[in-house]
Amino acid sequence: MIANGKEIAEHILHKLESKFHHEKKVCFIQFGNDAASTSFINRKKKIAERLHIKADIVHEPTPLSNDWALRLMKEVIAKGYDGIVVQLPLPRVLDAHLLINTVPAAQDIDLLGEEMLLRYQHQKTKRIPPVAFAVAEILSRYNVKLKGKKVVVLGKGKLVGGPVAEWFKQQNVEEVIAFDYTADKEERAKALKAADIVVT
């Protein structure tokens with residue numbers, strides 16, 4: 001089975017196009033000049049506009065300090081956006097944990113802050129982190145049954161591996177194992193051989 005990601009995305013967008021009957025507004029904040037981040041934000045802005053969501057981009061190419069970035073963040077938060085995304089990665093001069101947790105839970109649409117992550121882990125929100133939601137959508141679209149499956153997730157990061165592994169734990173799977181680059185190679189190979197589903 002080969003999943004057609006573009007086809008799935010188009011289907012989701014088509015369903016969402018008629019959903020927003022009043023204007024929503026979001027803000028994407030980029031610190032630094034990471035080319036991949038710039039491209040990704042521009043893509044998200046384009047999709048938001050297709051869905052009639054007002055999308056602003058705040059781009060500060062040379063952030064000076066955490067205090068300076070926090071002042072900017074507070075200015076953005078005060079504008080009452082429905083959602084705010086701090087685009088990762090951040091320049092080394094900035095504390096990603098500090099800035100991400102500055103975003104109020106109600107505006108944290110990527111579920112990166114500690115409050116929303118805890119709600120997600122304790123199943124106190126219906127929202128799902130974006131990559132975990134993408135995995136769920138693909139498996140649902142292709143009618144992949146999860147009950148009793150053994151799952152291996154390669155990666156434990158905050159953006160991908162961690163939320164994906166947590167989502168599988170909330171499903172009726174037999175076992176979920178997540179590995180990162182520090183994992184024992186033999187143990188990882190053994191788990192991969194026994195897995196029904198691998199996410200990498």
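This is a predicted model: local features need pLDDT of at least 70, side-chain atom pairs count only at pLDDT 80 or more; totals for chains, interfaces and linings use all residues.
Figure 1. The C-alpha trace spans about 50 × 40 × 35 Å along its principal axes.

**Figure 2. The open sheet of three strands.** The strands lie in the order β2-β1-β3, and their pairing is parallel. β2 (53-60) and β3 (83-86) are the edge strands. Each of them has a single partner strand, so one side of each is left without a neighbour in the sheet. On average, neighbouring strands of this sheet are turned by 15° against each other, with direction ignored.

**Figure 3. The pairing of β1 with β2.** Strand β1 covers residues 24-31 and pairs with β2 in the parallel sense. Eight bridges link the two strands. In this pairing, V26 stands opposite A55 in β2.

**Figure 4. Helices α2 and α3 on the sheet.** Helix α2, residues 35-50, packs on the sheet and touches β1, β2 and β3. The direction of α2 makes about 160° with that of β2. Helix α3, residues 66-77, also packs on the sheet, and β1, β2 and β3 are the strands it touches. The direction of α3 makes about 170° with that of β1.

**Figure 5. The crossing of helices α1 and α6.** Helix α1 consists of residues 5-16, and helix α6 of residues 130-141. Their axes come within 11 Å and cross at roughly 100°. This angle makes α1 roughly perpendicular to α6. On the α1 side, the contact is made by E7, I8, H11 and I12. On the α6 side, E137, I138 and R141 take part.

**Figure 6. Contacts, burial and surface of the whole protein.** Of the contacts between residues at least 6 apart in sequence, 72% join residues at least 24 apart. Buried residues account for 36% of the 200 residues. The accessible surface comes to about 12300 Å². Carbon and sulfur atoms hold 54% of that surface.

Conventions. Residues are numbered from 1 along each chain as its sequence is written. Side-chain values use heavy atoms; hydrogens and water are left out. Two strands pair if DSSP finds at least two bridges between them. Helices (H or I, at least four residues) and strands (E, at least two) are DSSP runs, numbered from the N terminus. Axes are lines fitted to C-alpha atoms, for helices over the stretch in contact, and angles run from 0 to 180 degrees between N-to-C directions. Contact means heavy atoms within 4.5 Å. Buried means under 20% relative accessible area, exposed over 50%, partly exposed in between (1.4 Å probe, protein chains only). Accessible areas come from the Shrake-Rupley method with a 1.4 Å probe; for residues, only the protein chains shown count as cover. Angles under 35 degrees count as roughly parallel, over 145 as roughly antiparallel, 65 to 115 as roughly perpendicular and the rest as oblique.
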